[in-house]
Amino acid sequence: MKISLNWLREYVDVRLPIEELARRITDAVAEVEGWRTIGEMWDPALVRVAKVVAVDPHPNADRLRLATVDTGERTVQVVCGAPNLAVGQTVAFASEGARLFDGHTGEPTTLKLRPIRGVESAGMVLSERELGLSDEHEGILVLPEGTPVGVPLADVLGDVILEVSTWANRADLLGMVGFAREVAALTGGVLREPSREFTASGPAVDGLVSVSIEAPDLCRRFTASVIEGITVGPSPAWMQERLRKAGMRPINNVVDITNYVMLETGQPLHAFDYDLVRGKRIVARRARPGERLVTLDGVEREFDGEMLLICDGEGPVGVAGVMGGGNSEVNDGTTRVLLEVANFRAGSIRRTSTLLKLRTEASLRFEKGLGPEMAMYAQQRALHLFETVCGGRIASGIVDVYPGKEPPRTIVLEAARIAQVLGIEVPVEDVRRILGDLGFLVHHVPPAKYSVQVPSWRPDVEIPDDLVEEIGRIYGYDRLPATMLRGTLPAPEANPVMSLRERLRDLAVALGFQEVINYTLTTREKLALVTDPLDTVRRNPLGVVNPVAAQHAYLRTSLRASALESYAANRRQAEGPLRLFEIGFEYLPVEGDLPIERPVLCAVLGGSREGRWHVGGGEALDFFDAKGAVEAMLGALGVRGTFTAAEEHGLLPGHTAKFGVGSEMAGIVGQVHPETAAAFDIEEPVFLFEVWVEDLVRHLPERPPYQALSRYPAVRMDLAVVVDASVPAGAVLELARSHRSQGVTTRAELFDEYRGPGVPEGKKSLALRLWFRADDRTLTDEEALKVRQGLLARLGREFGAELRG
């Protein structure tokens with residue numbers, strides 16, 4: 001936002017140097033990104049105010065004229081080609097040696113006098129572009145009547161323009177009055193509000209226009225007035241100057257007044273040609289799907305059913321809070337104006353402007369949250385200007401439809417809370433002064449409370465701590481003492497699910513997996529590839545009302561699709577083994593409520609094992625690599641998992657198992673079905689496992705089991721047994737690990753599973769590597785053989801196992 005220091009001084013006295021003012025504003029209000037000084041290069045002795053006292057033709061050029069100007073010290077003659085030159089004008093005059101801007105190139109230059117078509121010129125009458133005020137170069141700059149002649153031009157037009165970046169929830173700072181209120185509170189000045197007085201001498205407004213609000217949830221207030229007897233023309237020079245300094249182009253007196261009041265109050269306004277308003281009625285309603293309107297920028301726009309339109313008796317005449325329509329635009333022939341000043345819900349305006357790709361000065365202010373009371377304030381201020389600038393006749397009364405009116409918000413603030421947040425006790429008189437200067441109504445309730453009524457233009461202030469912030473920033477953060485932290489730290493709040501997620505993330509990385517982060521939004525088609533057709537919950541995900549892209553339209557109910565997509569994308573760029581994982585959420589819909597966010601670790605792996613020098617070419621990763629990764633994770637967490645053969649949609653039967661702790665399942669591991677893999681453009685065997693975090697966390701021990709290591713060495717032996725092909729290898733391994741005999745423990749690992757020649761049909765060979773260890777002695781070979789024989793006997797009884805010959 002551009003802040004003119006001269007304009008600001010109309011509302012509050014500012015005597016601070018610009019550097020100090022900018023520092024205070026940045027510290028307490030909003031960031032001053034920089035400033036530009038208008039007239040900085042104008043030499044007070046060389047660029048001054050003059051008056052045109054005579055205009056004569058040039059003897060040698062039809063398009064040039066000779067102007068006689070009074071500089072206040074002498075009368076001189078200059079050659080001028082401006083078409084708007086006239087006797088009696090007060091102008092900007094430069095003498096030789098003045099630093100100006102070239103009217104053609106815009107570059108800084110020094111004025112050098114030379115004859116023009118044979119006539120000497122004693123100086124130059126200047127345009128706005130030559131002064132650096134704007135790009136206007138068609139005519140000379142004409143100063144307001146009454147400007148003293150002979151004074152330095154910098155004293156008249158000199159100004160400082162501050163570039164200020166305001167906050168997203170402070171719409172009041174986008175108006176000069178609101179900004180001046182902050183400066184007055186900072187500097188101890190007094191705020192002078194602009195006049196809102198006017199004379200209503202026209203017919204009753206109720207007989208001229210009617211207003212209705214059909215969408216009170218989107219339009220909280222609507223005011224309207226009618227001004228007759230308008231003559232559309234240029235606005236006064238002072239108004240045009242202020243608009244230009246604020247970055248706006250003057251158009252005509254009607255439009256300029258609406259823009260001026262918006263910049264002054266922060267409240268957008270819109271003027272309609274009253275004679276073009278059909279039915280003499282205004283309706284604020286939701287758009288009908290497919291409804292269209294050509295806006296003031298000449299673009300035809302189509303609306304959806306959640307956009308708010310301003311309509312007359314036959315159809316749309318404006319997009320509420322964004323831009324008016326071309327069918328009711330003020331033009332040179334307008335004589336009667338319908339002035340609209342309304343208040344709209346911030347979120348609605350933000351959504352509309354975003355979908356239409358139409359950001360305006362009005363939408364920028366509405367979407368930051370304007371208070372409804374500002375509508376009448378701006379209406380009255382605009383009517384004052386219409387009366388004084390345009391000479392219009394104002395209808396009696398103002399239409400005010402206000403369905404969303406609420407009582408003023410009152411907040412009780414305790415002095416102890418101020419001291420607790422700021423670390424100091426702020427005196428009562430300072431609290432009352434600061435909040436009072438900012439527009440709050442403050443009542444001190446002895447001994448240590450304040451009852452504070454929040455002004456309508458500050459909807460961002462909702463709780464006591466918001467008031468503490470107001471006090472602290474104006475009182476001065478630099479006045480807060482620097483102290484060491486004190487007090488006790490709050491006890492940590494345990495979050496077992498989050499802790500387990502972080503532990504699983506670390507374990508997966510330690511096992512060689514790389515983490516991926518995918519979008520939580522997907523499509524129904526992708527979910528259908530990895531979810532069971534009978535699973536009505538996962539097959540009916542929650543849809544996004546306004547998706548940014550077609551491929552991001554539904555909340556995912558499974559991580560498998562996104563994990564396989566990531567695998568396919570990375571496989572095209574990588575060789576050798578590829579191990580990826582994601583810890584995210586499945587969003588399972590619940591009727592009439594928010595979805596259940598179910599935390600899941602989903603990992604995929606495939607490719608060949610790394611060979612020498614960390615390159616591929618070895619054996620392919622298989623089901624047991626995925627199962628081993630799960631076992632390693634569970635072991636590191638201090639739990640022992642049990643695996644059970646299972647069938648799962650999208651996974652290969654016979655190569656899939658669920659795992660659990662105790663009687664509860666905690667995840668699944670298996671090979672992705674080749675058809676499912678092919679649907680994701682994966683041509684190699686790929687394996688997947690999931691860990692269901694909430695199901696696993698309930699079975700984690702408070703502390704891992706611990707057993708002291710034996711001081712005695714283990715005896716290692718191998719054992720190969722033949723069992724039925726249907727016997728799970730895990731069950732055999734679990735029995736071997738549980739075998740105890742005369743104080744001897746057994747550790748077992750499976751290192752081979754074989755079917756083929758030498759093994760009967762329907763059988764398989766399992767080779768186990770065994771370690772026997774005693775806690776109190778070194779085992780002899782004979783003792784180890786006895787333990788081995790006992791284990792073999794148990795395997796025979798439980799599984800019908802026979803020693804492989």
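How many aromatic pairs does a search of the whole structure find? The search finds 6, where rings of Phe, Tyr and Trp (its six-membered ring) pair if their centres lie within 6.5 Å, and planes under 30 degrees apart count as stacked, over 60 as edge-to-face and the rest as tilted. Before we walk through them, please note that this is a predicted model, in which local features need pLDDT of at least 70 and side-chain atom pairs count only at pLDDT 80 or more, while totals for chains, interfaces and linings use all residues. Residues are numbered from 1 along each chain as its sequence is written, and side-chain values use heavy atoms, with hydrogens and water left out.

Let's start with Trp7 and Tyr260. Their ring centres are 4.9 Å apart and their planes stand at 20°, so this pair is stacked. Trp7 belongs to helix 1 (residues 5-8) and Tyr260 to helix 7 (residues 253-265), so the pair ties together parts that are 253 residues apart in sequence. Helices (H or I, at least four residues) and strands (E, at least two) are DSSP runs, numbered from the N terminus. Both Trp7 and Tyr260 are buried; buried means under 20% relative accessible area, exposed over 50%, and partly exposed in between (1.4 Å probe, protein chains only). Together with Trp238, they form one aromatic cluster.

The rings of Phe643 and Phe659 have centres 5.7 Å apart and planes at 45°, so they count as tilted. Phe643 is partly exposed, at 24% relative accessible area, whereas Phe659 is buried, at 0%. Phe643 lies in strand 33 and Phe659 in strand 34, and the two residues stand opposite each other. These strands pair in the antiparallel sense over 4 bridges; two strands pair if DSSP finds at least two bridges between them.

Finally, turn to the nonpolar side chains. The largest nonpolar core has 77 residues, and Phe386 is one of those with the most contacts inside it. Such a core is a set of buried Ala, Val, Leu, Ile, Met, Phe, Trp, Tyr and Cys residues joined through side-chain atoms within 4.5 Å. Helix 10 (residues 374-390) gives the largest share of this core, 9 residues. Apart from it lies another core of 40 residues, including Leu293 and Leu308.
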